[in-house]
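User: Hi! Could you walk me through some side-chain contacts in this one?
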Amino acid sequence: MLRMDPLQYSRHHRNFPYQGQFPLTNFVQTLHSTGYEGPYSLEIFNDEFRSAPSTRIALDGYRSLLLLQEKLHKNLIPPTPKPGRVEFVEFACSPSELNSMERFISERLGFKKIGQHKSKTVYLYRHGKTHFILNAEPESYASAFHLQHGVSVCAIAVSVDDVKRTTARSEVLKYNVISQERRGMGELQLVAIQAPDESLIYLLDSAHPTSFLSDFIMTDLTEPDSNVKVDYISHVLDPGEMDKTVLFYHALFGLEAHQQLFELNDPRGLVRSRAMTSKYGNLRIYLNVSAAESTVVGRFLSHSGSGIHHIALGTDDIFSTISQIGNNFLTLPQNYFDDLAVRYDLSQTDLDRLHQANVMYDADSDGEFLHACTDTFDDRFFFELVERRKGYQGFGGLDAMIRTVFFFLDLAD
């Protein structure tokens with residue numbers, strides 16, 4: 001939450017229902033229980049809204065009121081789907097970038113090529129239960145995205161309990177539904193929703209979340225040998241895009257924004273972050289904005305524009321996974337572990353093990369979080385390997401600052 005007096009909030013930072021932190025549903029339901037059935041209107045004073053395209057702001061206002069009506073009167077729009085997890089991540093790249101990208105995800109993360117698309121210049125990679133797709137197909141959505149953003153994440157796939165219902169909900173909310181472009185004979189008809197950053201979110205039936213594999217000629221039919229899967233996806237956004245992105249994920253998938261707005265002191269300015277999670281924690285999204293162009297977030301934004309810049313892969317045993325794929329993560333200094341010894345009740349054996357594997361550590365009252373980060377690929381995005389213990393629901397706490405300093409030094413070279 002921004003720290004300022006109420007008058008500043010009221011004159012410059014009002015937002016639409018379900019973009020902020022006020023428990024609006026409880027308030028309106030209480031009001032409704034008194035017998036009130038009159039109109040609701042929006043009175044918004046927001047500097048970013050004033051400077052944004054009026055059509056976009058009007059649409060978000062319409063969506064927020066539609067959600068408010070839904071809370072009061074069920075069945076007005078198709079119900080919120082139950083989202084599963086991220087099933088694959090798709091990268092747009094040029095043919096000349098394929099080899100370097102393949103080498104990066106193989107050496108840093110242990111991904112192995114397991115297939116090629118039946119009719120397109122698209123390749124499939126896997127580590128555990130996580131699939132990466134490298135798309136170098138010309139005259140495709142990915143190639144158009146690449147022209148604007150360079151090598152970048154152009155799409156993810158999310159499993160849902162009902163694809164048709166999710167599509168219908170998106171249409172009522174006036175989010176763009178994209179049917180798959182040209183297909184070869186017998187290839188899967190995929191449906192996607194266009195996210196606010198113009199990337200795609202493909203919808204997969206949670207009963208058959210790997211159905212997309214049928215579009216590939218598989219070169220490796222062995223079963224996954226680990227439980228590695230996407231833990232969370234992190235976005236870099238233009239400062240004016242936070243509110244509309246929060247509304248998008250809440251309206252479409254029912255993700256709830258954490259009440260706390262995180263503030264990180266980057267060496268070159270302030271970064272504000274907000275986390276969103278689904279009810280059962282299967283889908284986690286982390287949003288980052290910074291008004292300062294020279295922060296790490298600002299530099300990512302200048303390279304690629306708004307979009308996904310950080311993919312965290314979850315594992316049941318981070319030390320075992322690192323021993324299997326090799327320790328190609330950022331090297332941590334001794335003083336980081338000296339600080340851990342002061343902040344947490346860790347044995348010297350535990351500290352030595354963390355140091356040897358270059359694993360960072362955070363803990364709260366719910367559990368523990370162990371994580372290791374790669375360097376960046378072409379200063380555009382990076383990856384993280386994480387292990388959650390017990391009920392930990394955070395994203396690394398103070399370690400985000402450590403990571404930021406490393407990237408700042410790397411980008412400054």
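Analyst: Happy to; we can go through aromatic rings, then charges.

Analyst: One note before that: this is a predicted model, where local features need pLDDT of at least 70, side-chain atom pairs count only at pLDDT 80 or more, and totals for chains, interfaces and linings use all residues. Residues are numbered from 1 along each chain as its sequence is written, and side-chain values use heavy atoms, with hydrogens and water left out.

User: Good to know. How many aromatic pairs does a search of the whole structure find?
Analyst: The search gives 22. Rings of Phe, Tyr and Trp (its six-membered ring) pair if their centres lie within 6.5 Å; planes under 30 degrees apart count as stacked, over 60 as edge-to-face and the rest as tilted. One of the pairs is Phe88 with Tyr202, which is tilted, at 5.9 Å centre to centre and 45° between the planes.

User: Where do Phe88 and Tyr202 sit in the chain?
Analyst: Phe88 is in strand β1 (residues 83–92) and Tyr202 in strand β8 (residues 200–205), so the pair links distant parts of the chain, 114 residues apart. Strands here are DSSP runs (E, at least two residues), and helices are too (H or I, at least four), numbered from the N terminus.

User: Is Phe88 buried or exposed?
Analyst: Phe88 counts as buried because its relative accessibility is 2%. Buried means under 20% relative accessible area, exposed over 50%, and partly exposed in between (1.4 Å probe, protein chains only). Tyr202 is buried as well, at 12%.

User: Which residues form the aromatic cluster?
Analyst: Phe91, Phe104, Phe111, Phe132, Phe377, Phe381 and Phe383.

User: Switching to charges: which residue does Glu43 meet in a salt bridge?
Analyst: Glu43 meets Arg14, at 3.2 Å from N to O. A salt bridge is a side-chain nitrogen of Lys or Arg within 4 Å of a carboxyl oxygen of Asp or Glu. Glu43 is exposed at 53% relative accessibility, while Arg14 is partly exposed at 24%.

User: And where are Asp339 and Arg343?
Analyst: Both lie in helix α11 (residues 334–343), 4 residues apart, about one turn of the helix.

User: Last one: what lies over the face of Tyr280?
Analyst: That's Lys82, at 4.8 Å from the ring centre. A charge sits over a ring if NZ of Lys or CZ of Arg is within 6 Å of the ring centre and within 35 degrees of the ring normal.
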